[in-house]
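Please consult the sequence and the structure below.

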Amino acid sequence: MVGSSDWDGTKRDAQESGPLIVTEDENLLDDLLRLCAAAGTMPAVSHGGGAGAAGWDTAPLVIVGEDCVHRLRGAGRRPGVVLIGQQPDDTRVWQQAVEVGAERVLGLPDGESWLVDRIADAVEGDRSPALTVGVLGGRGGSGASTLACALAVTAARQGHRTILIDADPLGGGLDVLLCGEREKGLRWPAFAESRGRVAGGALADSLPRLHALRVLSWDRGESVTIPPQAMRAVMSAARRRGGVVVVDLPRRLDGAVAEALTQIDVGLLLVPAELRATVAAGRVAASARTLLRDLRVVAREVPGPGLPDGEPARLLSLPPVGTLPWDPQLADALGRGIPPGAHPRSPLSRFCTEFWARVLDGREAAGPCSEGRHVLGTGAGRRSRHEEGGLS
């Protein structure tokens, strides 16, 4: 039978984004279906399909069992073909690989890890990794969670693909701050056992959708631990999805926070413009800078006398991003269930809008914002420790 269907027999459009499997070997098919599931996708299966197999030209990846190579003679050459052989070092298998233009010859189970990554890469497409911004409070109660939420809400409102990650298990939950604690979707405990590769699209689809963005927060249970491997897997998946990722970070440094810091492009240290808060922020900065080289200061105005503009950054010897104006209406808005950054004309929203305009455009030069202060300093731009380079 020539034709393409989902693994469960459901007919499917060849334009869908899953890989195409070409094999009649039931045992091999079971293995490949399992690996596709691990990569977070559903494949099409061509049962004995030949050169005219549906999806041959359009699937992002074609996985061919050596039992069906003879049926593919005459198929047009295309990139993204992987051949699975029982004895991948056999000369005959390599000759078959040349016949179908395979980029790689694999044997299972030895090649399973590589194949899962290759399937996930093909399905997710070739997109730039997300710009990832981490927000740290210089001291307790500085408003870091509020700023993180406002940054994410603002980015989503501007049309950017956005994920907000709550990395502080003791912070009360960002879903609560966004008035979405009852929204359906997975929370951190569901990812505690995550290891290796997590598909970016599958991650986003599983999370609550609040204010046009996806939010990974905490449930109301007693679990307050994120294993480092889980943080690494989730952060990597969120970054591969592209767009913007905002991470609300705790002030304490443990294994999970260390994993998050290695994947953050720009760190924002929110410091109330007070001497005592600035001293406390120095300890937080010293810890974070062991893993995060691009750390910048956002000074927050305080009611009453405070340090002059730029003074917290100068005392901390860190690049200034700008000063967040004091907003006496913010507490009332939060009390009425209005999420941070929801009002486009609020001082908080204007600050976030100008920040994204400069960072997402890749402009590192300082410039005036509507409040008459500098919004972006001259901190050294970087992607992540895994992907060095300038902001984009």
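Helices α8 (255-262) and α9 (275-288) each supply at least two residues of the lining of the largest cavity, and α9 gives the most, with 3 residues. Helices (H or I, at least four residues) and strands (E, at least two) are DSSP runs numbered from the N terminus. The model is predicted: local features need pLDDT of at least 70 and side-chain atom pairs pLDDT 80 or more, while totals for chains, interfaces and linings use all residues. Residues are numbered from 1 along each chain as its sequence is written, and side-chain values use heavy atoms, without hydrogens and water.

**Cavity**
- The structure holds 1 cavity of 30 Å³ or more; a cavity is a set of points on a 1 Å grid over the protein atoms alone where a 1.4 Å probe fits but cannot get out, and lining residues have an atom within 4 Å of a point.
- The largest cavity contains about 50 Å³ of space, a volume being the space filled by probe spheres set on the points, which are joined across faces, edges and corners.
- Its lining includes L136, P250, R251 and S287.

**Surface**
- L275 is in helix α9 and counts as exposed, at 54% relative accessibility (exposed is over 50%, buried under 20%, partly exposed in between; 1.4 Å probe, protein chains only).

**Backbone**
- The peptide bond from L108 to P109 is cis, with omega near 15 degrees; P109 lies in the loop between β6 (104-106) and α3 (112-124).
- C179, in the loop between α5 (174-177) and α6 (200-206), has a positive phi near 60 degrees.
- H211 has a positive phi near 55 degrees and is partly exposed, at 40% relative accessible area.

Methods:
On a 1 Å grid over the protein atoms alone, a cavity is a set of points where a 1.4 Å probe fits but cannot get out, and a pocket is an open set with protein on both sides within 12 Å along at least five of seven lines; lining residues have an atom within 4 Å of a point.
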